[in-house]
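The sequence and structure come first.

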Amino acid sequence: MTAKPTVLHPAFEWLRSQHLESLNITVEEYRHRKTGAVHYHLAADYDENVFLVALRTVPMDSTGVAHILEHTALCGSERFPVRDPFFMMLRRSLNTFMNAFTSSDWTAYPFASQNRKDFQNLLEVYLDAVFFSRLDPLDFAQEGHRVEFARPDDPTSELVYKGVVFNEMKGAMSSVPSQLWHTLCKYLFPTTTYHYNSGGDPEHIPDLTYEQLQRFYKTHYHPSNAIFMTFGDIPAHEHHARFEELALSRFEPLNVNIAVPDEKRYHAPVRVEEFYPLDEEGDLDGKSHIVISWLLGKSANLEDLLEAQLLSSVLLDNSSSPLQHLLETTELGSAPSPLCGLEDSMRELVFACGVEGSDPEHAAALEEAVLGVIRQVAEEGVSQERLEAVLHQLELHQREIGGDSYPYGLQLILNALASATHRGDPMAVLDLEPVLAQLREAIKDPDYIKRLARELLLDNPHRVTLILKPDRDISARREMAEKQRLAALQAELDDEQKQRIVAQAAALEKRQTEKHDESILPKVTLADVKPDIHILPSEKVQLGVLPTTQYAQGTNGLVYQQLFIELPALEPELLELLPYYTQALTEVGAGERDYLATQEWQSAVCGSITAYTAMRGAIDDEQRLMAYLVLSSKALVRNIAGQTELMKSTLESPRWDELDRLHELLSQQRARREQSITGNGHGYAMNAACAGMSPVARLSHELNGLAGLQRIRALDDQLEEAAARADYAERLARLHQRVCGGARQLLLVADHEELPALRDIISRTWETTTLPTGTDRLDSEPVRFSVQQIWQTNTQVNFCARAYPTVPVDHPDAAPLTVLGGFLRNGYLHRAIREQGGAYGGGASQDSNVAAFRFFSYRDPRLGETLADFDAALDWLRNSDHDSEQLEQAILGVIGSLDKPGSPAGEAKQQFQNELFGRTAEQRRRFRQRILAVQLEDLKRVADTYLRPELASSAVITNEAGRKACEAAGSQAWEAIVL
């Protein structure tokens with residue numbers, strides 16, 4: 001126990017503090033005396049301060065009440081009664097993170113900032129939004145759901161559903177893994193909140209009334225039901241003063257205990273069959289999913305949690321793990337299910353495994369095979385080395401300082417939030433060292449893992465086997481049911497009700513187009529921007545034969561190595577294999593070890609080892625391609641020798657003779673890509689629209705985009721033949737031999753005091769290697785063509801993109817084009833595409849890497865109207881009056897993204913790659929100064945210069961009905977491609 005803080009705020013009671021050596025933070029727990037609100041403060045020497053307030057939200061239906069409330073609460077509050085303070089603050093802030101999340105049993109509102117003034121500004125807005133939201137009925141109609149006439153002012157036109165969350169969830173539920181998970185939960189949890197879709201089922205969202213939303217808010221959004229969590233170098237007592245001043249002093253305690261009860265347990269396993277919509281042509285064989293799942297112990301019980309994590313890792317951690325090996329190699333399915341693993345965010349833990357690409361008649365055989373593997377573990381156990389490797393992975397995960405996707409402090413907070421939600425001990429969840437020590441002792445008993453396999457799985461009757469089968473008629477039936485529901489509603493409307501619908505649509509449109517007084521919101525200005533970019537010191541050294549750049553960064557006992565190999569010139573038949581090659585390189589055997597033994601080696605000595613390609617256009621010529629293979633790994637410092645030897649062996653002796661393994665890996669990659677469309681449809685659409693603008697853009701589309709998805713499907717089908725597998729392996733071997741001829745260099749990142757010893761070990765490992773001198777670089781002919789494409793797939797919503805060829809990053813116009821993206825989003829696109837159009841998201845951005853300016857929409861109910869909005873945004877730019885504050889907000893957004901911090905290792909990796917591709921400190925400073933100097937007239941000038949109609953390319957992802965609507969509109973000639 002750590003000593004009590006010397007300064008306390010009288011409104012809060014200090015409960016305890018604990019210093020966590022492994023994370024170098026002190027966790028402090030407080031309780032608000034009057035309301036009982038809890039506050040966990042993670043005190044750390046970080047200037048990126050993080051705030052989160054979470055409310056326990058436990059809906060008992062699938063109307064999406066918690067999700068719609070999350071959206072609506074951010075649409076105006078008591079002190080800030082403007083239409084959209086959340087999105088307004090996005091552009092008035094230097095935040096490093098702003099968002100809101102709805103989970104299955106909590107709703108959270110987090111933000112982060114390195115600027116203290118900005119942090120306090122955001123705190124004011126967030127606390128007012130959460131605890132004093134206006135919940136305007138028009139915001140509920142906009143964000144949740146409403147009915148409108150297809151022609152809003154014409155009551156004779158048909159009724160349609162609209163709403164941001166309504167369309168968001170149509171998109172989310174287009175994802176087969178999402179349907180699989182929600183269907184599984186329906187049976188795993190027959191009586192508790194997890195039985196329902198907390199995000200909202202589009203069939204049930206229209207059942208939610210405004211009055212129900214208000215009641216839910218009053219009972220759930222109260223400090224007595226709140227969990228406050230903070231991270232950084234602002235002391236807890238300063239937070240308490242602000243919490244009390246801005247919100248808590250106005251509340252009395254609420255006598256309500258919102259919690260998820262224990263689930264009623266089954267006495268025997270259950271097997272169920274359900275269906276999912278499949279709108280593709282072709283055979284339905286091999287399109288079913290089979291998932292076997294168990295309900296385990298409490299997530300808030302640390303012993304239950306760690307034992308479940310240990311068993312899950314033993315069974316599924318990598319391809320050499322017994323259950324994972326079965327699922328990857330079985331003939332009963334094409335690939336492991338995306339649900340495989342342990343879900344630990346809910347009150348009770350869920351373990352799941354299974355396959356996709358199967359058929360219903362295989363369910364019994366798969367059950368028996370899975371239970372057979374678990375039975376074998378229960379009877380024979382696993383090797384001590386495997387158990388040690390699993391604990392090694394847990395330790396490495398505990399020690400690693402993140403921050404490259406989410407701020408590091410937010411990652412820690414989210415790790416602890418589930419425990420806090422279920423009134424467990426978040427400190428214990430963060431402090432895994434004592435528990436890992438206990439587990440190291442426990443695994444010395446050979447019966448320990450046997451007992452876990454038996455108690456948690458074999459003897460656990462609360463088991464559900466779900467068979468999810470494809471059905472081509474579901475989509476049509478759902479669409480017909482929605483139309484019939486609307487038609488029945490319309491038939492019952494009297495004239496007064498019709499006029500109310502017309503009036504609501506008019507009132508909402510008026511509200512959406514009103515210019516609200518943003519000056520009531522706090523803000524930062526360009527005067528608050530840091531004067532310069534942050535440059536890390538580095539050193540060039542020679543380690544064996546490898547030229548090396550090293551960074552001394554505080555990595556908390558981890559070492560990161562990345563080997564960069566310049567890609568040589570490659571003929572098309574080898575170039576097209578790059579994404580499959582990079583996946584396979586670290587997943588096949590190495591040297592004398594087959595892939596199973598190699599996976600065990602990897603798990604024992606490193607946290608991860610991956611390969612990927614890094615490609616960019618030159619800073620002054622987007623038509624000049626620069627490309628590298630990157631072999632990347634991370635390890636605990638004590639494993640540096642094993643990590644380095646593993647990297648060397650991976651590069652020098654991969655096992656391209658493992659033909660069946662190569663096919664398995666390709667099938668798994670195909671499955672992941674197919675599942676990614678509804679989650680990243682806007683990215684795929686932008687890639688397709690940009691494909692004709694530079695070599696990097698073309699390769700991105702052809703290798704990793706929609707064209708790449710077509711290619712991997714065809715190749716995967718071909719590899720059913722043994723001769724094709726042999727030819728594929730031979731081509732991979734040739735590609736590898738060519739790649740290894742490229743010039744090499746190493747990146748090394750570790751704690752300062754560890755670097756001398758690390759250098760010695762790395763030097764000895766690489767001293768006998770002959771360093772290639774390099775060959776001709778990978779290059780490409782200049783690219784310039786336009787596309788107008790419709791990509792048809794299995795989706796309930798659309799993704800639209802339009803792109804224009806522009807300039808690379810060092811061109812003077814790259815800066816105003818970059819600012820223009822935020823300017824158009826803030827001033828026009830957000831309102832037109834999200835608020836009025838009902839899409840979940842939309843915007844515009846300049847990608848100087850491929851020299852293209854892109855418009856996009858995400859989970860969008862519209863097609864042609866959105867493409868028209870892209871054009872209308874440019875008309876708005878040219879024909880409307882704009883003020884300097886709009887420009888400043890757009891510039892702030894760019895500067896915030898440029899200055900956003902990463903993890904210690906991530907920042908070093910990013911700086912090294914920037915330098916490698918010519919983005920030197922001097923160039924980045926020059927670009928930053930150009931951003932700060934952009935004027936309004938520059939925005940209009942670059943729009944007139946580059947964003948001309950005759951230069952535009954467009955790509956949309958839609959379903960069959962959307963394709964037919966585009967083609968029928970006849971406004972442009974489309975190339976239609978069925979995925």
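Helices here are DSSP runs of H or I with at least four residues, and they are numbered from the N terminus. Keep in mind that this is a predicted model.

## A pair within one helix

Helix 27 covers residues 722-739, and R734 and E730 both sit in it, four residues apart, so about one helical turn separates them. The two form a salt bridge, with the closest N and O atoms 2.8 Å apart.

How accessible are the two partners? R734 is partly exposed at 26% relative accessibility, and E730 is also partly exposed, at 35%.

## Pairs that reach across the chain

The structure holds 80 salt bridges altogether. One of them joins E367 to R271, whose closest N and O atoms are 2.6 Å apart. Is E367 buried or exposed? With a relative accessible area of 11%, E367 falls under the 20% cut-off and is buried. R271, at 45%, is partly exposed.

E395 and R440 make another salt bridge, this time with 3.1 Å between the closest N and O atoms. Here too, distant parts of the chain are linked: E395 is in helix 12 (residues 384-399), R440 is in helix 15 (residues 433-442), and the two are 45 residues apart. E395 counts as buried at 8% relative accessibility, whereas R440 counts as partly exposed at 28%.

As for the general idea, side chains of opposite charge can pair when their charged atoms come close.

## Helix 12 against helix 15

Back to the two helices that hold E395 and R440. The axes of helix 12 and helix 15 come within 11 Å and cross at roughly 175°. Angles over 145 degrees count as roughly antiparallel, so that is the label for helix 12 relative to helix 15.

Who makes the contact? Helix 12 brings L391, L394, E395, Q398 and R399, while helix 15 brings E433, L436, L439 and R440. By type, the residues of this contact split into four nonpolar, one polar and four charged.

## R399 and its surroundings

R399 has its place in helix 12 and is partly exposed at 22% relative accessibility. Setting aside neighbours within four places in sequence, R399 is in contact with S22, E433, N556, L558 and L636. How far apart are the C-alpha atoms of R399 and L23? They are separated by 6.5 Å, although the two residues are 376 residues apart along the chain.

## The nonpolar cores

The largest nonpolar core has 82 residues, and L563, Y581, M615 and Y728 touch the most other members. Helix 24 (residues 681-690) gives the most to this core, with six residues. Taking L563 and leaving out neighbours within four places in sequence, its contacts are L546, L629, V630, L631, M647, L651, R744, Q745, L746 and W766.

There's also a second, separate core of 65 residues, with Y30, F80, V82 and L135 among them.

Note on methods:
Residues numbered from 1 in each chain as written. Predicted model: local features only at pLDDT ≥ 70, side-chain atom pairs only at ≥ 80, totals over all residues. Heavy atoms only, no water. Salt bridge = Lys/Arg side-chain N within 4 Å of Asp/Glu carboxyl O. Buried < 20%, exposed > 50% of the residue type's maximum accessible area, 1.4 Å probe, protein only. Axes fitted to C-alpha atoms, helices over the stretch in contact; angles between N-to-C directions. Parallel < 35°, antiparallel > 145°, perpendicular 65-115°, else oblique. Contact = heavy atoms within 4.5 Å. Nonpolar A, V, L, I, M, F, W, Y, C, P; charged D, E, K, R; others polar. Core = buried A, V, L, I, M, F, W, Y, C linked by side-chain atoms within 4.5 Å.
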